[in-house]
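Here are my notes for your first look at this one. Have the sequence and the model open side by side as you go through the points.

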Amino acid sequence: MPGVLPISPLVWPHLCTNSRQVVKMSATGIRKPGFESPAIKLPSHPTYDLKGVVKLALAEDAGDRGDVTCMATIPLDMEVEAHFLAKEDGIIAGIALAEMIFHEVDPSLKVEWSLKDGDHVHKGLQFGKVSGRAHSIVIAERVVLNFMQRMSGIATLTKAMADLAHPATILETRKTAPTLRLLDKWAVLIGGGKNHRMGLFDMVMIKDNHISAAGGIINAIRSVDEYLGQKNLQMEVEVETRTLEEVNEVLQYASQMKTSLTRIMLDNMVVPLPNGDVDVSMLKEAVQLINGRFETEASGNVTIETVHKIGQTGVTYISSDILYQFIAVNLAL
């Protein structure tokens, strides 16, 4: 299974002890520093404070004293140039975030890249560099790498899953690390997947608990239609179905009533077999019943081994939390 991209701790090819003197190295193909719009933008969220998350991560590492080892061993006026090194193959993610972190620590640091988020890296590739005060680089280094390795791991696994799932589209879930949701979902976009709902606020998703509380699947959909009408809200609406009978119930309701429903989830219609394969016949039948009237989403028993077969059923989307069960890509600085 694709893993977390190891980006090694920053590689320091030259440490120059002369104040404000940095050994110059070739920058062929390097993108000049500056806050350009990232190729793949951060998903939007009405309350998420990315800068606050960055500050919290830095404060968590620095504590109340700062980097005591750095202060004890590295001259304050030392300037260095450090390089990003991929320690294994994968999809790189977190470049735009890394620039934000370096800038938060020390706006005078210069960061340059030869790649962009979403590009493939191979083991041993130097793909960026940062230059400036050694103290500042050391303080930012581990936070930058922790974020980049996590995001690159998610992006690498997403890329593998998305390629196998074609022509279906891979979605993630809300099973993200607390406070890191936007970064996890950003990494999925970078890897070639698409985002499911951001949270509880931007999409109606009628699941089994809601259906039970409402007294049935049709009551639940009807209640949603009434609520959205009363509140004058327009948003996507998805309902979870677990059987072909429920799919038929939903289709019959939609044929008779005006509804806000946009997508039908086909939950656990992929059945594991004793030999390790899966039976997708029920999923395929459900997709044929729906016949393009609504978007469809397969959920349950989705793995790197099963996703290709699921993607061939005609389903629109395949959602899985496996995208967050990654192995970080090993990177170094």
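1. Start with helix 5: its buried residues are Leu182, Leu183, Asp184, Lys185, Trp186, Ala187, Val188 and Ile190. Keep in mind that this is a predicted model.

2. Helix 5 spans residues 181–190, and eight of its 10 residues are buried, so the rest of the structure largely encloses it. What does the covering? Among the elements lying over the buried residues of helix 5 are helix 1 (50–62), strand 4 (90–91), helix 3 and helix 4.

3. Now for helix 3 (residues 95–105) and helix 4 (residues 134–165), whose axes come within 9 Å and cross at roughly 160°. Angles over 145 degrees count as roughly antiparallel, so that is how helix 3 runs relative to helix 4. The crossing of the two is right-handed.

4. Which residues make this contact? Helix 3 brings Ile95, Leu97, Ala98, Ile101, Phe102 and Val105, while helix 4 brings Ser136, Ile139, Ala140, Val143, Val144, Phe147, Met148 and Met151. By type, the contact of helix 3 with helix 4 has 13 nonpolar residues, one polar and no charged.

5. Last, the largest nonpolar core: it has 96 residues, and Phe127 and Met148 are those with the most contacts inside it. Helix 4 gives the most to this core, with 15 residues.

Technical notes. Residues numbered from 1 in each chain as written. Predicted model: local features only at pLDDT ≥ 70, side-chain atom pairs only at ≥ 80, totals over all residues. Heavy atoms only, no water. Axes fitted to C-alpha atoms, helices over the stretch in contact; angles between N-to-C directions. Helix = DSSP H or I, 4+ residues; strand = E, 2+ residues; numbered from the N terminus. Parallel < 35°, antiparallel > 145°, perpendicular 65-115°, else oblique. Left-handed = near helix turned anticlockwise from the far one by under 90°. Contact = heavy atoms within 4.5 Å. Nonpolar A, V, L, I, M, F, W, Y, C, P; charged D, E, K, R; others polar. Core = buried A, V, L, I, M, F, W, Y, C linked by side-chain atoms within 4.5 Å. Buried < 20%, exposed > 50% of the residue type's maximum accessible area, 1.4 Å probe, protein only.
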